[in-house]
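I opened this structure today and kept short notes on what I looked up. The entries follow in the order I made them.

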Amino acid sequence: DRIALWYKHAMKSTDTTEALGNPTTNREILNLWFNSKFFHSDAKKREKLESIHQMVGKEASLFQLYIAIVQCASHINSLYVVMHRV
């Protein structure tokens, strides 16, 4: 339960973009980058991502993406450790 709580908190975090005046959750950043640039070419999501880039800059958006991946992967790894012991 605690790991799930930490994971949900990490996905709701807006630290990077909030400090730059356009709070966007890690969940949204992951969704936009993955579905407009990396794995799919969703035009509406690409427009939304470009809009965020106009507000905070591409570097800040990319930095938040990296932070989101690291935080979420850490919590997923913690879940694996617990489940492996069970």
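Which residues does Lys-45 touch, not counting residues up to four places away in sequence? I found Asn-31, Leu-32, Asn-35 and Ser-36, where contact means heavy atoms within 4.5 Å.

Before going on, I noted that this is a predicted model, in which local features need pLDDT of at least 70, side-chain atom pairs count only at pLDDT 80 or more, and totals for chains, interfaces and linings use all residues. Residues are numbered from 1 along each chain as its sequence is written, and side-chain values use heavy atoms, with hydrogens and water left out.

**Entry: Lys-45.** I placed Lys-45 in helix α4. Its relative accessible area is 24%, so I recorded Lys-45 as partly exposed (buried is under 20% relative accessible area, exposed over 50%, partly exposed in between, with a 1.4 Å probe and protein chains only). I also looked up Trp-6, which is 39 residues from Lys-45 along the chain; their C-alpha atoms are separated by 27 Å.

**Entry: whole chain.** I counted five helices and zero strands in the protein chain, and the pattern along the sequence reads α-α-α-α-α. Helices (H or I, at least four residues) and strands (E, at least two) are DSSP runs, numbered from the N terminus. The C-alpha atoms fill a box of roughly 45 × 30 × 15 Å along the principal axes. The chain has 86 residues, and 33% of them count as buried. Among contacts with a separation of 6 or more, 56% come from residues 24 or more positions apart.

**Entry: α4 and α5.** Two packed helices are described by the angle between their axes and the distance between the axes. For helix α4 (residues 43-56) and helix α5 (residues 58-85), I noted an angle of about 115 degrees and axes 7 Å apart. Axes are lines fitted to C-alpha atoms, for helices over the stretch in contact, and angles run from 0 to 180 degrees between N-to-C directions. I therefore wrote down α4 and α5 as roughly perpendicular (65 to 115 degrees; under 35 is roughly parallel, over 145 roughly antiparallel, the rest oblique). Leu-49, His-53 and Val-56 of α4 make the contact with Lys-58, Ala-60 and Ser-61 of α5.

**Entry: Thr-24.** Is Thr-24 buried or exposed? I recorded Thr-24 as buried, because its relative accessibility is 8%. Thr-24 sits in the loop between α2 (15-19) and α3 (26-38). Leaving out residues up to four places away in sequence, I listed its contacts as Ser-13, Thr-14, Thr-17, Ile-29, Ile-52 and Gln-64.
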